[in-house]
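I opened my notebook to write down what I looked up in this model, one topic at a time. Here are my entries, for anyone meeting it for the first time.

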Amino acid sequence: MLEKLTVSSTPHILSKNTTYKIMMHVVIALLPATLGALYFFRLQAAMIIFLSIATAVSAEWGIQKIRKQPTTINDMSAVVTGLLLGLNLSASVPWWIPVIGSAFAIIVVKQIFGGIGQNFMNPALAARIMLTISWTGRMTSWVSPGVDAVSTATPLSYVKGLNIIPEDAPRILDMFLGNIGGSLGETSALLLIIGGLFLVFKGVISYKIPLVFISTVAGFALLYGAFDLSFMLYHIFSGGLMIGAIFMATDYSSTPITMKGRIIFALGCGVITSLIRLYGAFPEGVGFSILLMNLSAPLIEKYTRPRVFGGGKQNA
Amino acid sequence: MKHLTFRGGIHPPYSKELTAHLETEKANDPSSVAIPISQHIGAPCNPIVKVGDRVLVGEKIGEASGFVSSPIHASVSGTVKAIKDVPSVMSGEVLSIIIESDGKNEIHPSVISNGEIETLSSKEIIEIIKEAGIVGMGGATFPTHVKLSPPPDKKINTFILNGAECEPYLTDDHRLMLEEPDDIVYGLRAMMKAINVEKAFIGIEDNKKDAIEAMIKATAEYDNIKVVTCETKYPQGSEKQLIYACVKKEVPSGKLPMDVGVVVNNVGTAAQVAKTIKTGMPLIERITTISGSAVKTPRNLLLKIGVPIKEVIEQCGGYIDDVGKIIMGGPMMGLAQHTDEVVITKGSSGIVVLNTKEAKAQQESQCIRCGTCVEQCPSFIEPLHISLYSRYNAMDLAEEYSAVDCIECGTCSFGCPAKIPLLQAIRVAKQHIIAKRRKQN
């Protein structure tokens, strides 16, 4: 009966949390926004999201096969990347955009740098930026929700260069619900917030990161708009701020490991986003801000190393 | 009221309900015992009996070989059959004195009451504790008389009694606090007198409400002894974390509790001190929790030192299921055994037997940098970095990241979603660094 006693290092019990569970929670958290995208943009959304996920998973499987590595598609992280990228695309993009984007995200940004946990940028976001730079026209032609998608502008382009909301701009309530132009998953602040609350509740992310990011943008908008509350709301419910703050600035691999570092990271994202939106050449700055802060993450991490219990440096 | 605690930590499944309600029972008398010469931190003791000698209960059979050492005593009366190596709970083998019991449990004449706290001087109390072979009974097994003899430049002002019992499964301290609260307080007062401190805390996790009540009642007449309710959180019973919870002081890195004027002892140790003073009986038995999914009837047993755990488990109905792992101590910090021929020692707070399913090693995957280990580490170090440096043999970097401040509680490995054996790697680095420093000095 005692032939096979396991002798191993402590501890002898482990938590039930796994990488798969974390990734599944992110997928579940993105479901409201995904369903919203399907409702607002119909079949086109289904096609883009499907291609994006399918390409991400097959790219991961393929590159690991080629490099003779054990496959990690079962941990669901490729699905998360594919889904996030899909939700970041306009409903009007042709079929090859999500395919190229997902393949780039997985092969170049994620796997070449060592796979899960090693990518220094958020793969989905890096792919979105790459696509935007390469096919600017196709990536920035937005359509309004509905069956007969007509081309439209995003809410942020209405207020570019202004510190008030113009007459013809979308209503804030429509922006909150998602009844506006924009990429598939970023239009409805409400659905993204529901997903975010789920992640906080499940302990996958800390509420502090999105809160600091969004509050910073809100603060800048308040100052810029001379304390016009609706101008501030307009800014926080528009563009990629919600999806960026909740799902991208909270990415584990490309943000600092310490909570202090993550808060500085979020603050930096908020500042850069605001500067680009209010003073830069582009209407939107969430994507660039997160990527720029991704690059600063190792530095922030280095300078936010926790103080060891019982004093500072140990070289006594 | 918000309960006192520390920063970091985890909430593992406690599994204490298996034995928490079960009264401590006296185990069957063993037919023979094997008493190891090293059951404590410090130098092993020297056997002072020969094969063939007749020994009595409480008779000293091994003499301490230095200041940081501890004597051992016969736990049964009978004949010394052999002095030989037997499997040790600490890994490898250890020289042990094998005594065949004559079943009479005849008590040695040296076992007589030492009097009362009031009539004993502090020196006498320390001497009694030393001679009785009392060591930290929470599992650390550091000789108690050494803890009570700080260098003269260290002024001790606070005594903390550890009744946190944060290890899952274990309920021996819990039962002791319910069943012998007065002994615990008596032993505490003796140790306070020994080291001349006025103030004491007894730290207990709030999942042991009845024990807290019992201890409050037992300390009612002593204004200087305060029962502290701590949050139920692992590793609350870790010395440094308990000190922080009670007096809000951090023991400086690389230093000892005495450097912040505190001495910590386990409630089990205190109860043993009381027994030794009152009856003169040295440390020859202790309460052990026998629990886990692969034990038929989990119990709290009063066991003689030197009983093979195989016999102990038989008294608990034997094994059920496929036995995957036998742990001496709790599942977070206890040691996995390769055989059930090891014996109960002074530090055996528990025997936890897990089935093969629970014992199965989990597949490790790549770190996803979720930050859980950093967030939960009670030492505020960064386990993911240190373990990586350790595995790539970058020990100077591991040292720079304060690997030696690790208290080896296992919180990081427990919480890791990628199932990385973080602590195992950190321990390698820690040993490497300590060995290097020793060489330099």
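**Entry 1: a sheet in chain B**

I began with an open sheet in chain B, where six strands follow the order β1-β14-β13-β17-β15-β16 with mixed pairing. I took two strands as paired if DSSP finds at least two bridges between them. My helices (H or I, at least four residues) and strands (E, at least two) are DSSP runs, numbered from the N terminus.

Two notes on the source belong here: this is a predicted model, in which local features need pLDDT of at least 70 and side-chain atom pairs count only at pLDDT 80 or more, while totals for chains, interfaces and linings use all residues. Residues are numbered from 1 along each chain as its sequence is written, chains are lettered from A and ligands numbered from 1 in the order in which they are written, and side-chain values use heavy atoms, with hydrogens and water left out.

Which strands sit at the edges of the sheet? I found β1 (25–26) and β16 (335–337) of chain B there, each pairing on one side only.

Next I followed β13 (residues 285–291) of chain B, which pairs with β17 (residues 350–355) of chain B in the parallel sense over three bridges. B:V352 in β17(B) is the residue opposite B:S291. Helix α3 (residues 172–179) of chain B packs on the sheet and touches β13 and β14 (299–304) of chain B; I count contact as heavy atoms within 4.5 Å. The direction of this helix makes about 125° with that of β13(B) (axes are lines fitted to C-alpha atoms, for helices over the stretch in contact, and angles run from 0 to 180 degrees between N-to-C directions).

I then turned to β15 (residues 323–328) of chain B, where six of its six residues are buried. Here buried means under 20% relative accessible area, exposed over 50%, and partly exposed in between (1.4 Å probe, protein chains only).

Strand β15(B) pairs with β17(B) in the antiparallel sense over five bridges, and with β16(B), again antiparallel, over three bridges. B:I326 stands opposite B:V353 in β17(B), and its bridge partner in β16(B) is B:Q337. I also noted that β15(B) and β16(B) form a hairpin with six residues between them, and that B:G329 in the turn has a positive phi of about 105°.

**Entry 2: strand β12**

How many residues of β12(B) are buried? I found five of five. In a regular strand, side chains alternate between the two faces of the sheet. In β12(B), both faces are covered: B:V262, B:V264 and B:N266 are buried on one side, B:V263 and B:N265 on the other. Five bridges join β12(B) to β9(B) in parallel, and B:T158 has B:V262 as its bridge partner.

**Entry 3: salt bridges**

Side chains of opposite charge can pair when their charged atoms come close. My rule asks for a side-chain nitrogen of Lys or Arg within 4 Å of a carboxyl oxygen of Asp or Glu, and the count is 27 salt bridges over all chains.

A:E60 is in helix α1 (residues 19–66) of chain A and A:K110 in helix α3 of chain A, 50 residues apart. Both residues are buried.

In chain B, B:D183 and B:K278 form a salt bridge (2.8 Å, N to O). B:D183 lies in helix α4 (residues 181–195) of chain B and B:K278 in helix α7 (residues 267–279) of chain B, so the pair ties together parts 95 residues apart in sequence. I asked why B:D183 counts as buried; its relative accessibility is 14%. B:K278, at 35%, is partly exposed.

I also noted one network of salt bridges with shared partners, which joins A:R305, B:E382 and B:E400.

**Entry 4: one buried threonine**

B:T229 is in strand β11 (residues 225–230) of chain B and is buried, with a relative accessible area of 18%. Leaving out residues up to four places away in sequence, B:T229 touches B:H3, B:L4, B:I204, B:D206 and B:I212.
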